[in-house]
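User: I would like to go through the labels attached to this model and see, for each, the value and the criterion behind the label.

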Amino acid sequence: MAAAYEELCRIFQSGEDIRRRKLNDTPRNQKIVTPEAELAPSNIRDNTYRNLLSLLTLGSMHRESLLMRGLSGDAIDQLGYRTTPAVRSGRIVAELLERGCELEGVPGFYRDHETGSWKLDIRASGIMIPDRNMIGEIEAIQIRLDRPYKSKFNNLTSVDKYYGTTASCCPHFAGPHDSDAVYLTEGVMKADIAQHLSNALGQPRCFVGLTGVGNINQFRRLLKELATVHINRIIVAFDMDALINENVRNARHRVLQEGSDAGFEMTPIAWDEKYKGIDDLLLSFKEARAS
């Protein structure tokens, strides 16, 4: 009995010694690298995200907030906005796999380190907003946070998770791009709302939203895409806080400069600063018409 106890102690001690050696052999400033999956093609992400959103619903509180911002009930349904799931993530993943959806390389999904099973990474509650490219594919999903932290929006991502993937957003197209001009604004939701309100006012326009006013790489991608469909005029409708926010002002200046250098007709517009965004301005027009 005593011999068995001593042997058990020896096994535990040897394991502890190995753990300590591993810790001591790792420099304190060395970052532990988590394996990351390569970003899946846009058509794969689109299929997975469409199926994901079809399994979710939009909460009444979120629907009411969107109605107050100027969207109609039909528009909300067509846009595919959803509330982040609070529970059932395991069942959601199982259903996606049963439908034949690919999860590898789709931001928001990762593997459990111990079992290898797929997981859905929801980091905060809010409204899930599809980020659609020029041909209507959902390349990413933004989340309008219920409790903003540093920013009002986060991207659905599984960065830093085991075989997770970093989100990759695209210039978001709202409305048909069948004219020679697009309106450029900041934010996916803002572009959706502004496009819907322009329709309601009888003057439909195509809006493109960048997922961050300073996202110059997204803007450069936009220039290439617009050139393929022979759109040569960009009306820059960034928020009016450019008057007091140096970051927004500098971002607008860079967009105007790079667009002009690329051969586009760049037209900045401004309005009464009591309406921060182009969506706020158009909503005021709609309300004035209704009164």
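This is a predicted model: local features need pLDDT of at least 70, side-chain atom pairs count only at pLDDT 80 or more; totals for chains, interfaces and linings use all residues.

Analyst: Residues are numbered from 1 along each chain as its sequence is written, and side-chain values use heavy atoms, with hydrogens and water left out.

User: Why is Leu282 called buried?

Analyst: Buried means under 20% relative accessible area, with exposed over 50% and partly exposed in between (1.4 Å probe, protein chains only). Leu282 has a relative accessible area of 11%, so the label buried applies to Leu282. Leu282 is found in helix 9 (residues 278-290), helices being DSSP runs of H or I with at least four residues and strands being runs of E with at least two, numbered from the N terminus.

User: Which residues is Leu282 in contact with, leaving aside its neighbours within four places in sequence?

Analyst: With contact meaning heavy atoms within 4.5 Å, the partners of Leu282 are Ala194, Leu197, Ser198, Leu201 and Phe207. Leu282 and Gln195, 87 residues apart in sequence, are 9.4 Å apart in space, C-alpha to C-alpha.

User: What makes Asp121 count as buried, and where is Asp121 placed?

Analyst: Asp121 has 9% relative accessibility and therefore counts as buried, and its place is in the loop between strand 3 (118-120) and strand 4 (126-132).

User: What is the polar contact of the Asp121 side chain?

Analyst: The side chain of Asp121 makes this contact with the side chain of Arg123, at 2.6 Å. A polar contact is a pair of N or O atoms within 3.5 Å, where within protein one must be able to donate a hydrogen and the other to accept it, and residues adjacent in sequence count only if both atoms are side-chain atoms.

User: Which residues touch the most other members of the largest nonpolar core?

Analyst: A nonpolar core is a set of buried Ala, Val, Leu, Ile, Met, Phe, Trp, Tyr and Cys residues joined through side-chain atoms within 4.5 Å. Of the 28 residues in the largest such core, Leu66, Leu71, Tyr81 and Ile278 touch the most other members. The largest share of this core, six residues, comes from helix 6.

User: How many disulfides are there?

Analyst: A disulfide is a pair of cysteine sulfur atoms within 2.5 Å, and by this rule the count comes to zero.
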